[in-house]
Amino acid sequence: MNYIARKAQEKDIPVIHKLLVQVCKVHHNGRPDLFKEEGSRKYTDEQLKEMIADESRPIFVAVDAKNEVAGYAFCIFQQHINDNILTDIKTLYIDDLCVDEQIRGQHIGMMLYQEVLRFARANGCYNVTLNVWSCNETAMRFYEKCGLKPQKVGMETIL
């Protein structure tokens, strides 16, 4: 099946909600000490409505020929103007990327990532960044296949 990427719309919220729950499940399974139980999600429907309307936080969805959502990419423009040590580059940060667990392996995630790159270039971004939890090995392999390389590493000691 062929998929295309487009900007998210309010009508997409119920499926985005379902996908957010899937992401939370992966994180909870990997780090139950940090992530709440299954069924939780990162954003409420009201927050999603606000984000969909916010041009500084573009959200892309992958849809099939029936316009049914199969995945998403949440993004945020970042720029550190006049920072003491950072340059003024414009970054598009991928806050979250998910493809429905039932249809993974069809290159939908890669298509969404390519759309994010296209959008970032069109909007004068220097780079695209993201964070990935080390317990999410599947995501780490996916991002490595996309050509991403570590920029910085977060470390911890549990007390």
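**Ground rules.** I number residues from 1 along each chain as its sequence is written, and side-chain values use heavy atoms, with hydrogens and water left out. As the model is predicted, local features need pLDDT of at least 70 and side-chain atom pairs count only at pLDDT 80 or more, while totals for chains, interfaces and linings use all residues.

**Lys36.** I found Lys36 in the loop between helix 1 (13-30) and helix 2 (45-53); helices (H or I, at least four residues) and strands (E, at least two) are DSSP runs, numbered from the N terminus. Lys36 is exposed at 65% relative accessibility (buried is under 20% relative accessible area, exposed over 50%, partly exposed in between, with a 1.4 Å probe and protein chains only). Leaving out residues up to four places away in sequence, I see Lys36 touching Cys24 and His28 (contact means heavy atoms within 4.5 Å). I also looked up its C-alpha separation from Tyr72, 36 residues apart along the chain, and got 21 Å.

Next I checked backbone angles. Most residues other than glycine have a negative phi. Asn67 is not a glycine, yet its phi is positive, about 65°. Asn67 sits in the loop between strand 2 (59-63) and strand 3 (69-79) and is partly exposed at 32%. Asn82, also not a glycine, has a positive phi of about 55°. I place Asn82 in the loop between strand 3 and strand 4, where Asn82 is exposed at 67%.

**Gly105.** My last stop was the loop between strand 4 (90-99) and helix 3 (108-122), which holds Gly105. Gly105 is exposed, with 70% relative accessible area. From Gly105 to Ala120, 15 residues apart along the chain, the C-alpha atoms are separated by 25 Å.
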